Amino acid sequence: LNFTVLVPIVQKNINMESKHLALCVKNLTVEINNQKIIEDLNFQVKKGEKLVVLGPNGAGKTTLLRALLGIIPYTGKVVWSVKNTSYLPPNELMQRKEILPLTVEDFYSLKNIRRIDVSQSLESVGLDQGLLKKRISHLSTGQFQRLSIAWALVDNPDTLIFDEPTSGIDIGGTETIYTLLHDFWEKQNLTLILVTHDLSIVWEHADNVICLNKTGLCFGPPSVALTTENLKKLYGVGVKYYTHKRNV
């Protein structure tokens, strides 16, 4: 588990074309070992928006997030106008078994957080304080992902970036995780950027969607962007989908 990536990344406030934008991306290209992973990508994210990055495996979704955060080199423009961004990378569900024998309490000690804030943080995601002395490697997949959300939000970021937040979780747990994220989005006016390959998440949770497969195949509200033709370009022929609206 790479703690240096998990620590919230603070971005300086930059004068943008619109004060309502959290992120503006222009002509983004990422090349690794002389191979273009992402080419000429353009999109914007408004403050308070839920953006889902959709695409098949190997489409460049994780590469995009790393470029946005300046972790890997790129060409083009990436302009943030946020104060505090929390990013949770993929694969932590597997890697956590290999980390040092940290307890949940040790995990929180990596941040300068008051004990009362830790307790409230756990409570906010439905976890009991009795887990504080439990090793992270001994948590269930669902408990660990809830902990990840609590840990990412304990600093009160204005932007949260999640890469495959429900990887390895069953269907019931997946719905719970996304419901939690939706609730935090409502209460804290978060800007959310979520990476997934799950079409159902787009219809239920996205304000806008990027269809990514090396290049941007579509961008906009799901009802506009997710045409049958665009999905065929994204995933190949034979793709079918059904719209599903969240009950509120």
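Me: What does Q188 count as at its relative accessibility?

Reply: Q188 counts as partly exposed, because its relative accessibility is 30%. The scale works like this: buried means under 20% relative accessible area, exposed means over 50%, and partly exposed is in between (1.4 Å probe, protein chains only). A word on what you are looking at: this is a predicted model, in which local features need pLDDT of at least 70 and side-chain atom pairs count only at pLDDT 80 or more, while totals for chains, interfaces and linings use all residues. Residues are numbered from 1 along each chain as its sequence is written, and side-chain values use heavy atoms, with hydrogens and water left out.

Me: Where does Q188 lie, and which residues is Q188 in contact with beyond its neighbours within four places in sequence?

Reply: Contact means heavy atoms within 4.5 Å. Setting aside neighbours within four places in sequence, Q188 touches L153 and N156. It lies in helix α7, residues 171–188; helices (H or I, at least four residues) and strands (E, at least two) are DSSP runs, numbered from the N terminus.

Me: What is T63 in contact with, leaving aside its neighbours within four places in sequence?

Reply: T63 of helix α2 is in contact with V30, I37, I38 and I72. T63 counts as buried because its relative accessibility is 16%.

Me: Now a strand, please. Which way do the residues of β7 point?

Reply: In a regular strand the side chains alternate between the two faces of the sheet. In β7, T191, I193 and V195 point one way and L192, L194 and T196 the other way, and all are buried. Six of the six residues of β7 (residues 191–196) are buried, so the strand is largely enclosed by the rest of the structure.

Me: Which sense of pairing does β7 show with β3 and with β6?

Reply: Two strands pair if DSSP finds at least two bridges between them. Strand β3 (residues 50–54) pairs with β7 in the parallel sense over five bridges, and V53 stands opposite V195. Strand β6 (residues 159–163) also pairs with β7 in the parallel sense, over five bridges; there, F162 has L194 as its bridge partner.

Me: How many disulfides does a search of the whole structure find?

Reply: A disulfide is a covalent bond between the sulfur atoms of two cysteines. The search takes a pair of cysteine sulfur atoms within 2.5 Å and finds one disulfide in the whole structure. It joins C211 to C218, with S to S at 1.9 Å. The link of C211 and C218 is right-handed, with 45° about the S-S bond. C211 is buried at a relative accessible area of 0%, and C218 is buried at 9%.

Me: Zooming out, how many helices and strands does the chain have?

Reply: The chain has ten helices and nine strands. Of its 248 residues, 51% count as buried.
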